[in-house]
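Please keep the structure in view while reading.

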Amino acid sequence: MAAGANLNLILFGPPGSGKGTQAERLREKRGLRHLSTGDLLREAVAQGTELGKQVKSILASGQLVSDDIILALMRDEIAKVGDGWLLDGFPRTVGQAKGLDAQLDELGQKIGAIVVLNARREAVIERLSGRRTCTQCRTVFHVKINPPKVDGICDRCGGTLVQREDDKPATIEKRLDVYEAQTQPILAHYRGKVSIYEVNGELPVDEVTRFIERVLQ
Ligand code: AP5
Ligand code: MG
């Protein structure tokens, strides 16, 4: 598959499968623009914008924000970037996938590939319970698997590390249920139309990165 900087990629997988972790690596290595709906929504909550007020309790509950809100948000973001984007956490429903397809048709853009990070429920529950995220540069750590050098401080930028509000056990379970019911069916929508590469997301971070790099060659 063509692997230039203009590649448009979707990283797909359950909560905690490593989408954010791998997206940051691909962004650095390939100069792709990382567009994470989760990050954009959390930023809106942190800044107290109208959008943030609207979605705060939805994020905390592990439910999905409505397709209309998400499609409006991503419409602007994708249009700004042109080609060379890396979607993380979007699309999340078949309705969002259809909305994205329509927008890409209008823009004359195409999805280059979908990379699916597979991971079992038990594995992602363990990961999310120990995840810490930098409030400044968004780098992701894990208290046991990938700890920062200094507790609570980001290795990369010195920012403060926090636990996400939706990384509590009951909310993690809810997010996994929502993924299975509403997000997984997207793969059937794209099968036969877009190249889909399945990756074992439970391998160590570097091996997952190497695998993604290989399939994108
Ligand atoms: P979002 O922010 O998209 O969260 P998510 O899909 O639940 O995924 P996560 O960010 O939790 O996990 P990840 O796959 O990025 O894993 P990570 O790399 O951090 O969405 C949050 C909420 O926003 C949703 O619930 C919804 O309310 C709303 N929302 C967002 N998008 C929406 C949309 N399109 N429509 C509607 N609502 C939307 O890794 C996890 C941990 O594992 C880390 O600690 C990391 O260090 C560790 N780790 C990663 N890879 C490995 C590895 N290979 N081995 C060992 N540990 C690893
Ligand atoms: Mg993420």
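How many bridges join strand β1 (residues 9–12) to β4, and do these strands run parallel or antiparallel? Four bridges link β1 and β4, and the two strands run parallel. The model under discussion is a predicted one. Within the pair, Leu 9 has Ala 113 of β4 as its bridge partner.

On its other pairing, β1 meets strand β3 (residues 85–88), again in the parallel sense, through three bridges. Here Leu 9 stands opposite Leu 86 of β3.

Strand β4 in turn pairs with strand β8 (residues 196–200), in the parallel sense and over five bridges. In this pair Ile 114 stands opposite Ile 196 of β8. These pairings belong to an open sheet of five strands, whose order is β2-β3-β1-β4-β8 and whose pairing is parallel. Its edges are formed by β2 (33–36) and β8, each of which pairs on one side only. From one strand to the next, the twist averages 20 degrees.

Why can β4 be described as largely enclosed by the rest of the structure? Strand β4 spans residues 113–118, and five of its six residues are buried, so the rest of the structure largely encloses the strand.

A second sheet comes next. It is open and has three strands in the order β6-β5-β7, with antiparallel pairing. The edge positions belong to β6 (140–142) and β7 (161–162); each has a single partner strand, so one side of each is without a neighbour in the sheet. Strand β5 (residues 131–134) pairs with β6 in the antiparallel sense over three bridges. Thr 133 stands opposite Val 140, a residue of β6. Across β5 and β6 lies helix α6 (residues 121–129), which runs at about 50 degrees to β5.

How many disulfides does the model contain? The count is zero, where a disulfide requires two cysteine sulfur atoms within 2.5 Å. For Cys 134, the closest cysteine sulfur is that of Cys 157, at 3.6 Å, which is too far for a bond. Likewise, the sulfur of Cys 154 has its closest cysteine sulfur in Cys 137, at 3.7 Å, and this too is too far for a bond. Is Cys 134 buried or exposed? Cys 134 is buried, with a relative accessible area of 3%. Cys 154 also counts as buried, at 3% relative accessibility.

The last stop is ligand 1. Of the 36 residues around ligand 1, those that come nearest are Thr 21, Gln 63, Arg 131, Arg 175 and Leu 203. Arg 175 places a polar side-chain atom 2.6 Å from an oxygen atom of the ligand. A polar backbone atom of Gly 16 is 2.8 Å from an oxygen atom of ligand 1. With Thr 37, the ligand atom concerned is a nitrogen, which lies 2.7 Å from a polar side-chain atom of that residue.

Key: Residues are numbered from 1 along each chain as its sequence is written. Chains are lettered from A and ligands numbered from 1 in the order in which they are written. This is a predicted model: local features need pLDDT of at least 70, side-chain atom pairs count only at pLDDT 80 or more; totals for chains, interfaces and linings use all residues. Side-chain values use heavy atoms; hydrogens and water are left out. Buried means under 20% relative accessible area, exposed over 50%, partly exposed in between (1.4 Å probe, protein chains only). Two strands pair if DSSP finds at least two bridges between them. Axes are lines fitted to C-alpha atoms, for helices over the stretch in contact, and angles run from 0 to 180 degrees between N-to-C directions. Contact means heavy atoms within 4.5 Å. A residue is near a molecule or strand if one of its heavy atoms lies within 4 Å of it. A polar contact is a pair of N or O atoms within 3.5 Å; within protein, one must be able to donate a hydrogen and the other to accept it, and residues adjacent in sequence count only if both atoms are side-chain atoms.
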